[in-house]
Amino acid sequence: MHEPATSARADGDASQLPDVRATVLALGVVFGDIGTSPLYALKECVQPAHGVAATPDNVLGILSLVFWALILVVTVKYLTFILRADNGGEGGILALLALVPERLRAVGSPRLGWAAALGLFGAALLYGDGVITPAISVLSAVEGLAVATEALAHAVLPVTCVVLLALFAVQRGGTAGVGRVFGPIMVTWFVAIGGLGTYHLARNPVVLGAVSPAHAIRFFHDHGLHGLVILGSVVLAITGAEALYADMGHFGRRPIRLGWYCLALPGLVLNYFGQGANLLLHPDAAANPFFALVPRGPATYALVALATTATVIASQALISGAFSLTRQAVQLGYLPRMQILHTSRETAGQIYVPAVNWALAVGCIALVLLFRESSGLAAAYGVAVTGSMTITSVLFYVVARHTLGWPRSLALPLLVLFLGVDLLFLGANLFKLLEGGYIPLLIAAALFTAMAVWKRGRALMAAAFRDLMIPLPQFERRLHRASDRLPRVPGTAVFLTSNSEDTPPMLAHHVRHNKALQRHVVLLTVITERVPRVPPAQRVHVTELGPRFYRILVHSGFMQGTSLPTLLRRAVGSGLLAVDPDDLTYYLGRENILATEAGRMGRWTEGLFAFMMRNARSAAAYFDLPADQVVELGLQIDL
């Protein structure tokens with residue numbers, strides 16, 4: 001297996017777009033979540049239910065916490081360090097997991113290694129976060145209608161649901177199309193919120209003192225343990241950081257950094273400080289500090305329209321990140337095959353996963369109807385993302401030490417710093433568990449269970465297949481002895497097998513029952529590498545085992561599609577394979593799993609695995625095989 005590339009990017013990656021264009025596209029996808037956090041973050045911190053009045057000391061303390069959270073978590077942790085752990089240009093917790101040494105991931109074993117378990121649970125937490133982010137973002141923006149006039153309060157929920165439905169309906173167009181539309185809007189958004197913040201900051205510049213961490217320290221001194229409850233709301237200001245890392249493969253590292261330093265960070269800091277300055281002058285603005293930045297009337301409606309558009313964009317970071325995570329999980333063997341559509345001819349990382357898209361849509365709308373207010377959703381927000389951030393810190397340390405080769409003297413202090421901040425935020429969010437924080441955890445637990453069962457089931461199935469395998473030399477001897485009475489018919493038989501050494505049981509079954517064999521025989525194995533993409537010249541390796549008898553290894557990255565007819569045609573064209581590419585028959589095994597009490601997985605886990613097997617996308621469709629050239633052979637497997 002190839003060593004993981006940690007800096008090189010594949011041809012056609014979005015990172016090769018011009019910086020300005022790529023930065024604008026990234027603003028339209030990557031920074032949507034964190035960019036719209038001013039809508040609700042400060043509002044939740046000064047909610048009357050928290051018992052923290054909008055006094056000068058409290059406001060300066062909260063602003064200091066928000067400012068240093070943006071600096072320490074987003075700027076230092078993610079932008080400076082975590083983005084260095086790119087796997088061939090791809091980011092996200094599963095791409096990070098793929099960089100962890102195989103011995104720590106228990107590759108090929110039915111059990112999960114501790115690193116794999118952490119990585120999978122972190123990925124599952126991001127799916128839980130992905131359900132909440134669109135719901136709270138859009139709902140918080142549409143609630144501005146009720147701020148403008150109470151007469152529109154009844155329209156908030158239906159408008160939110162319609163906006164969410166429209167958002168998920170346009171995902172089929174791909175993130176490039178979305179980014180081209182949303183990028184300029186997000187530029188307008190950051191300029192607008194930065195401008196509003198600057199206006200109010202100029203009226204009351206005393207809040208600039210919040211840049212000093214002394215105000216954050218004094219806040220905890222004054223409020224003690226209750227300060228942790230507020231910290232659970234401060235985390236709302238940084239909830240898009242993990243999605244930022246997951247979306248790195250769509251646009252590249254440099255455009256994301258440019259967008260953050262040049263526009264996103266200044267706009268966010270100015271807006272938060274402007275909200276704080278206005279709060280000190282008008283404490284009654286605590287009901288909704290963001291919309292209090294403009295006078296009621298036409299200005300409010302205009303800001304609601306811009307905010308609603310921006311929150312639609314906010315959801316994009318999590319949605320596109322969920323698509324990337326799903327493809328990585330499928331390719332790495334943690335989820336069943338499913339339909340994955342490529343939406344761009346220029347950028348390989350831009351995809352659409354219908355099943356994930358509509359599952360998120362149903363979950364988002366259900367949460368809006370259940371909680372009905374953004375404040376209720378805020379209680380469920382943060383637990384998942386802080387848990388995922390904590391796991392990312394641990395995996396980054398492992399990768400830095402064992403894959404990147406960093407000395408312990410550098411990696412360990414960073415781990416202590418990152419975990420110190422992450423665990424503080426995670427602990428603060430645990431206070432939200434009974435108020436709704438359990439929802440993303442339940443979603444994550446269900447998905448983690450499914451991924452763990454799938455991984456274990458596939459490993460046990462591979463072991464069961466190995467028991468049915470015939471050593472290749474033994475099968476060749478049988479063929480040689482039977483050569484006089486075994487008719488060889490025209491054509492090429494391609495047997496797909498996960499074992500790259502022995503004879504697949506399908507081939508023995510075919511010979512035994514049909515008493516004939518095609519003139520050319522190919523044993524084909526697809527191997528998923530630890531890198532996102534394998535260069536075209538290294539994708540197909542052909543070994544001639546005997547006269548007209550070949551073994552082919554197809555190498556694919558975990559962010560790469562695998563069209564077998566296309567790859568075989570290229571192999572023939574380059575002289576690696578001497579067969580007629582238009583006269584191929586593909587033989588696939590159709591596994592039937594029998595769930596029994598005697599099985600090694602247990603009855604309910606075997607039942608779950610069998611259910612996922614039945615509903616997985618067929619290998620023929622996944623590998624783009626023509627339906628009229630596929631023959632499926634049923635195999636009974638008892639785990």
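Tutor: A residue is called buried under 20% relative accessible area, exposed over 50% and partly exposed in between, with a 1.4 Å probe and only the protein chains counted. The structure above is a predicted model, in which local features need pLDDT of at least 70 and side-chain atom pairs count only at pLDDT 80 or more, while totals for chains, interfaces and linings use all residues. Residues are numbered from 1 along each chain as its sequence is written, and side-chain values use heavy atoms, with hydrogens and water left out.

Student: Is Leu118 buried, partly exposed or exposed?
Tutor: Leu118 lies in helix α7, residues 114–142; helices (H or I, at least four residues) and strands (E, at least two) are DSSP runs numbered from the N terminus. Its relative accessible area is 28%, and therefore Leu118 is partly exposed.

Student: Leaving aside its neighbours within four places in sequence, with which residues is Leu118 in contact?
Tutor: Contact means heavy atoms within 4.5 Å. Ile93 is 25 residues from Leu118 in sequence, and their C-alpha atoms are 9.6 Å apart. Beyond four places in sequence, the contacts of Leu118 are with Ile391 and Val394.

Student: How many helices and strands are there in the protein, and what share of its contacts between residues at least 6 apart in sequence join residues at least 24 apart?
Tutor: The protein has 26 helices and 8 strands. Among contacts between residues at least 6 apart in sequence, the share joining residues at least 24 apart is 82%.

Student: What percentage of the residues in the protein is buried?
Tutor: The accessible surface comes to about 24,200 Å², computed by the Shrake-Rupley method with a 1.4 Å probe, and for residues only the protein chains shown count as cover. Carbon and sulfur atoms account for 62% of that surface. Of the 639 residues in the protein, the buried ones make up 60%.

Student: Where is the kink in α15 centred?
Tutor: Helix α15 (residues 253–281) has 29 residues and reaches 40 Å from its first C-alpha to its last. This is close to the 42 Å expected, a span taken as 1.5 Å times one less than the number of residues. The bend at a residue is the angle between axes fitted to the seven residues ending there and the seven starting there. The kink in α15 is of about 45 degrees and is centred on Trp260.

Student: Within what arc do the buried residues of α9 fall?
Tutor: The buried residues of α9 are Val156, Leu157, Thr160, Cys161, Val163, Leu164, Leu167 and Phe168. The arc is that of the directions from the helix axis to the C-beta atoms. These buried residues line one face of α9, because they fall within an arc of 165 degrees.

Student: Against which elements do the buried residues of α22 pack?
Tutor: In helix α22 (residues 472–481), the buried residues are Leu472, Phe475 and Leu479. They fall within an arc of 65 degrees and so line one face of the helix. The face turned away from this buried side carries the exposed residues His480 and Arg481. The buried residues pack against α23 (505–514), β4 (517–528), β5 and β6.

Student: What is the relative accessible area of Ala314?
Tutor: Ala314 is found in helix α16. Leaving aside neighbours within four places in sequence, Ala314 is in contact with Gly32, Asp33, Thr36, Thr133 and Ser137. Ser37 is 277 residues away along the chain, and its C-alpha is separated from that of Ala314 by 8.8 Å. Ala314 is buried because its relative accessible area is 0%.

Student: Near what value is phi of Asp624?
Tutor: Asp624 is found in the loop between α26 (619–622) and β8. With a relative accessible area of 47%, Asp624 is partly exposed. Its phi is a positive value in a residue other than glycine, near 65 degrees.
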